[in-house]
Amino acid sequence: MARLALRGIVRDYGTLRVIHGIDLDVAEGEFVVFVGPSGCGKSTLLRMIAGLDKPTGGDIEIDGIRVNDRSAAERGLAMVFQSYALYPHMTVRQNLAFGLENQRMPRAEIDRRIADAARMLQIEHLLARKPGQLSGGQRQRVAIGRTVTREPGIFLFDEPLSNLDAELRVQMRVELSQLHKRLRATMIYVTHDQTEAMTMADRIVVLRAGRLEQAGSPLALYNHPANRFVAGFIGSPRMNFLPATVSPNGVRVDGLDELALERFAVAQGAAVSLGVRPEHFEFVDAGGLPGTVDLVEHMGGESYVYVTLANGERITVRRPGQTGLVGGSNVRAAVLQGQAHLFHTSEGEAAVARL
Amino acid sequence: MRAALARLIDWPFEALQRALGAARMPYVFVLPNLLVFGIFVVLPMLLNIWYATTSGAELMPGQRPFTGLANFAELLDCGNYLNVASCRQDRFWRSVDNTLWFVAFQVITMVVLSLITALVLNRKMALRGFFRAVFFYPVLLSPVVVALIWKWILQPDGVLNAILVANGGQRVPFLLDPSWSFFWTVVVSVWAHMGFYVLILLAGLQAIPPDLYEAAAMDGTPQWRVFWRITLPLLMPNMAVVLVLGLIRAVQAFDEIYVLTGGGPGTATQYIVQYIYETAFAGQVHIMGLAAAASMLVGGVLLVLTLLQLLASARAKQ
């Protein structure tokens, strides 16, 4: 197992800067997920770690040794590609053996590693087949198997589940988490899907436009987002944001009554964004924010209620269990005590306070 | 305006459809093409079979006496197939022999050179588009132009000899010596046709997903192993197409070589198509029967090669 350090990583394409100085330490055995919208630089960052792309500035260190000038192979990493990148003309066994043969490893050792990986990933019966004869999920396992046989210092995953259907994705998510526990390997995983990030990561790194927005455990990011972007990106359905103004006893949501909130250190009259997660609204008889139900989605175990407030803003409310509300119902939505987030509307939309 | 124009064109078709019924209309649309194909492809083929099975110097098909397979028997009549001189039609066998050597050298040289060129042109390099065009350009030239350009270079007082002499060398009779002459027919033919095959191989190379090369890089694969284990196997369908198309075209080689060497010196560079042409049209007596029989034999060989080509491209599609 290896640890990784990024020191001021910068990447330019011509005059365009796509990575703006990233610093990050990944501990031995840690499962770190890079997450962000497309174009945020997460794949570029992974490719630079892999050695498939070179940083314009900064240092990449593996186990304290600078590896910027080492080739992909010399870094002792293995990668699962989004497309799987299996060699289509080779059997599964040949695919698994190919990288090991490059190292001139003895045949017996190669066979042992393939047998181990095949057993672990339940692909023993597929070894004689070619990738074209496999289903998406099976190809995925083979691609993971190819990295496992390499016994790399760090596993890299580039959106490995994005080509699978929803059911298989959930299943592979669980299996990858189990693989991580079993191998206790350092893993870096790139995805645009915050659910994958939340469910698998020891630590999530949220990227936007080539900048690191926040790094932390899934729940730390969920409960204490550093800014409005992270708050909106982590969590599904996403957080509701309402334009508001700081008032003497709390905040006044634009066009509506004042919401009484505890005091916080922002000048009165300042424009802020009030962030409330769907599960942190409750419906009350008096007070709260008045609105009309547009639509109710019944999940069975919970219900999503889409509400248009009297000021025209739309919010999503998640209620446990089943609700009798229907479209057109008049409701009043109140924020649960201590569950509101306030964000600046400027200054990078940083979090002001949690109330 | 457009509606008026459409009405103008419509009426004959509407009249035809009323007369024939809608079900027969597709045949009406196919008819012009069938006529052209029939007159310029099917009819000549039938005529060729007739000429091959008749003899004499008469041109009109009706005046030629039927002789069955006599022309084929004459062509294939050999004391010893390894000794051209023992054959009754030794010029035919000499041109077959020449053609076999030509095909072997030309096809191997061309496949190897096309592959190397495609590999180089597939790399990231300056002026890549320009070089791709340069290698394809000869394909666009008329074969006669190709031959005249090279004649200008190779003739006794040509460019190449001028350079040799200027550097203190001796003049070389490039087109008057049998071995040199053969060598240059191969070179010129490769030069003229290579661009087409480079294009096919380049398309194949570009169809190989770049991810595979990145996976190979992560696997620490040496360059030569990437070529032998990844690039070449994945390029095999295209290579098969190139090989078979190249074979077919090499067997058919005629125009640029006829203009370049005229088949000479002697019959050193006389290939099979030239034999057919000269037997039928160039000699004092036009021996149509033998020429037609020889072209049917060549046609048979090409048919086999074409089937191979269809097989290869069907596999390429998979």
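## Packing of helix α9 of chain B

In this predicted model, the buried residues of α9(B) pack against α1 (42-50), β6 (77-80), α4 (136-150) and β7 (154-158) of chain A, together with α10 of chain B. Packing is judged here by contact, meaning heavy atoms within 4.5 Å. The helices (H or I, at least four residues) and strands (E, at least two) are DSSP runs, numbered from the N terminus.

The buried residues in α9(B) are B:L212, B:E214, B:A215, B:A216 and B:M218. Buried means under 20% relative accessible area, exposed over 50%, and partly exposed in between (1.4 Å probe, protein chains only). Just after α9(B), B:G220 has a positive phi of about 70°.

## Interface between chains B and A

The contact draws 23 residues from chain A and 16 residues from chain B. Within chain B, the residues that lose the most area to chain A are B:E214, B:M218 and B:D219, which together give 40% of what that side buries. The two chains bury about 1,700 Å² between them, and 59% of this lies on carbon and sulfur atoms. Buried area is the accessible area (1.4 Å probe) that two parts lose on being put together, summed over both.

Between chain B and chain A there are 12 residue pairs in polar contact, both at pLDDT 80 or more. A polar contact is a pair of N or O atoms within 3.5 Å; within protein, one must be able to donate a hydrogen and the other to accept it, and residues adjacent in sequence count only if both atoms are side-chain atoms. By class, the side has 9 nonpolar, 2 polar and 5 charged residues. Ala, Val, Leu, Ile, Met, Phe, Trp, Tyr, Cys and Pro count as nonpolar, Asp, Glu, Lys and Arg as charged, and the others, Gly among them, as polar.

## Salt bridges

Across the interface, 4 salt bridges are found. The term covers a side-chain nitrogen of Lys or Arg within 4 Å of a carboxyl oxygen of Asp or Glu. A:E101 and B:R225 form a salt bridge, with their closest N and O atoms 2.5 Å apart.

The whole structure holds 1 disulfide over all chains, a disulfide being a pair of cysteine sulfur atoms within 2.5 Å. B:C78 and B:C87 form a disulfide with their sulfur atoms 1.5 Å apart, and both residues are buried. The torsion about their S-S bond is about 100°, so the disulfide is right-handed.

B:E74 sits in helix α3 (residues 70-76) of chain B and counts as buried, at 18% relative accessibility. Leaving out residues up to four places away in sequence, B:E74 touches B:R88, B:Q89 and B:L290. The side chains of B:E74 and B:Q89 are joined by a polar contact of 2.9 Å.

## Chain A overall

Chain A has 8 helices and 21 strands, and its C-alpha atoms fill a box of roughly 75 × 45 × 35 Å along the principal axes. Of the 355 residues in chain A, 52% are buried. A:C40 is buried, with a relative accessible area of 2%.

## Conventions

Residues are numbered from 1 along each chain as its sequence is written, and chains are lettered from A and ligands numbered from 1 in the order in which they are written. Local features need pLDDT of at least 70, side-chain atom pairs count only at pLDDT 80 or more, and totals for chains, interfaces and linings use all residues, while side-chain values use heavy atoms, with hydrogens and water left out.
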